Amino acid sequence: MSIPNEIKIGILGAGGKMGMRIGANLKKLSNEIFYIENAEAGIKRLDEIGIEVSAPTAVMGQLDFLILAVPDLYINKITTEVVPDMKSDAIVLLLDPAAAYMDQVCIREDLHYTVIHPCHPALFKDQPTLEGYHDHFGGISGLQDIVSTHWKGTRDKYELACDVVREMFAPVDQIFEITLKQMAFLEPSVVEVCGLSLVSVFKELVEEMDKRGIPKEAGMSFLLGHIKIELAILLLGSNPASDAAMIAMDYGKDKIIKADWKKVLTDESLNEVLAKMLKLDKNSAQAP
Ligand SMILES: NC(=O)c1ccc[n+]([C@@H]2O[C@H](COP(=O)([O-])OP(=O)(O)OC[C@H]3O[C@@H](n4cnc5c(N)ncnc54)[C@H](O)[C@@H]3O)[C@@H](O)[C@H]2O)c1
């Protein structure tokens with residue numbers, strides 16, 4: 001499927017981190033794009049690249065496709081404000097599963113909802129260009145995959161949403177369709193609760209190397225090279241580690257990791273961390 005020319009696309013939060021990235025790619029399409037942003041800093045960033053901001057009240061009723069590039073924390077309040085003004089049969093695209101999983105999105109039965117999240121260019125993915133290897137986030141030249149959920153609405157609109165997503169995050173390799181709950185398990189449970197917290201330990205290791213006077217370049221090269229081969233050994237089975245290295249690994253795991261760490265992978269833990277992230281415990285997330 002290709003994107004029909006008449007489809008009007010709106011980016012809500014166009015001056016934010018994702019909005020700026022997505023806008024730069026969607027600008028290449030022949031479709032009419034509306035950039036919606038309410039913060040002074042965001043409006044200035046858009047102005048610097050020659051983009052004029054639209055008022056939501058002026059455009060919401062015309063849009064066929066609305067991208068929610070706003071903080072997850074405010075999605076409840078923002079969608080409650082804008083979704084009632086949308087035209088029937090339009091598509092709403094969410095860039096993160098948190099708000100959808102926690103029932104924070106204003107739903108209309110006559111709209112279509114897709115949730116996606118970029119995988120970012122994966123460590124061992126072959127990149128067709130050298131620039132691709134340097135685009136760590138993706139969306140510029142780094143080939144990446146996307147995970148997506150056909151959340152609500154018709155299948156053809158979900159497929160159209162995937163076509164737009166290919167342009168938003170280009171170059172895109174595969175779009176993997178998974179459930180909303182699986183996506184919420186991946187983010188935050190897998191990549192933030194577990195992944196980012198473990199990587200924060202690597203960051204502290206860098207500080208520890210520094211304290212011991214290890215030259216930064218040498219320490220970083222040693223650490224990053226070893227992280228790469230250790231991932232290849234344990235996740236890809238590329239070649240076996242030495243017996244002594246496996247003894248050191250078990251020693252470290254026993255000292256560093258709590259025996260019951262997999263509790264963070266339960267539904268209860270997912271609800272708990274998402275409630276914290278969306279500040280639902282305080283029930284007071286006010287959009288700026
Ligand atoms: N930043 C990332 O690395 C990343 C990666 C993947 C997915 N996401 C998802 O993308 C979405 C946006 O995140 P972000 O990091 O770009 O947020 P951000 O805070 O960088 O940008 C959000 C923008 O929305 C604007 N905004 C807020 N309320 C608004 C309103 N009522 N009307 C118009 N504009 C409004 C803000 O001024 C800001 O410019 C979230 O769902 C997030 O989970 C972010």
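Q: How many salt bridges does the structure hold?
A: The structure holds 14 salt bridges, a salt bridge being a side-chain nitrogen of Lys or Arg within 4 Å of a carboxyl oxygen of Asp or Glu. This is a predicted model, in which local features need pLDDT of at least 70, side-chain atom pairs count only at pLDDT 80 or more, and totals for chains, interfaces and linings use all residues. Residues are numbered from 1 along each chain as its sequence is written, and side-chain values use heavy atoms, with hydrogens and water left out.

Q: What does Lys125 pair with?
A: Lys125 forms a salt bridge with Asp145, with 3.2 Å between the closest N and O atoms. Lys125 sits in the loop between β5 (112–118) and α6, and Asp145 in strand β6, so the pair ties together parts that are 20 residues apart in sequence. Helices (H or I, at least four residues) and strands (E, at least two) are DSSP runs, numbered from the N terminus.

Q: Are Lys125 and Asp145 buried or exposed?
A: Both Lys125 and Asp145 are buried. Buried means under 20% relative accessible area, exposed over 50%, and partly exposed in between, with a 1.4 Å probe and protein chains only.

Q: Which residues are in a network with Lys125?
A: Lys125, Asp145 and Asp173 are linked in a network of salt bridges.

Q: And what about Glu177, which residue does it bridge to?
A: Glu177 forms a salt bridge with Arg155, the closest N and O atoms lying 2.7 Å apart. That pair links distant parts of the chain, 22 residues apart: Glu177 is in strand β7 (residues 172–177) and Arg155 in helix α7 (residues 155–168). Glu177 is partly exposed at 41% relative accessibility, and Arg155 is partly exposed at 38%.

Q: Which residue does Lys181 meet in a salt bridge?
A: The side chain of Lys181 meets that of Asp267, at 2.8 Å from N to O. Lys181 is in helix α8 (residues 180–211) and Asp267 in helix α11, so the pair ties together parts that are 86 residues apart in sequence. Lys181 has a relative accessible area of 40%, so it counts as partly exposed.

Q: Where does Asp135 sit, and what does it touch?
A: Asp135 is in the loop between α6 (130–134) and β6 (144–152). Leaving aside residues up to four places away in sequence, Asp135 touches Pro121, Ile140, Ser141 and Gly142, where contact means heavy atoms within 4.5 Å. A polar atom of the Asp135 side chain lies 2.8 Å from the backbone nitrogen of Gly142.

Q: Gly138, buried or exposed?
A: Gly138 counts as buried, at 4% relative accessibility. Gly138 is found in the loop between α6 and β6. Its contacts, not counting residues up to four places away in sequence, are Arg21, Pro121 and Gln144.

Q: Now the ligand. Which residues come nearest?
A: Of the 18 residues around the ligand, Lys17, Met18, Glu37, Ala39 and Asp72 come nearest; a residue is near if one of its heavy atoms lies within 4 Å.

Q: What are the distances from ligand oxygen atoms to Met18 and Glu37?
A: An oxygen atom of the ligand is 2.8 Å from a polar backbone atom of Met18. An oxygen atom of the ligand is 2.5 Å from an N or O atom in the side chain of Glu37. The protein covers 82% of the 830 Å² of accessible area that the ligand has on its own, with areas from the Shrake-Rupley method, a 1.4 Å probe and, for residues, only the protein chains shown as cover.

Q: What does the secondary structure of the protein chain come to?
A: The chain has 11 helices and 7 strands. Buried residues make up 40% of its 288 residues.

Notes. A polar contact is a pair of N or O atoms within 3.5 Å; within protein, one must be able to donate a hydrogen and the other to accept it, and residues adjacent in sequence count only if both atoms are side-chain atoms.
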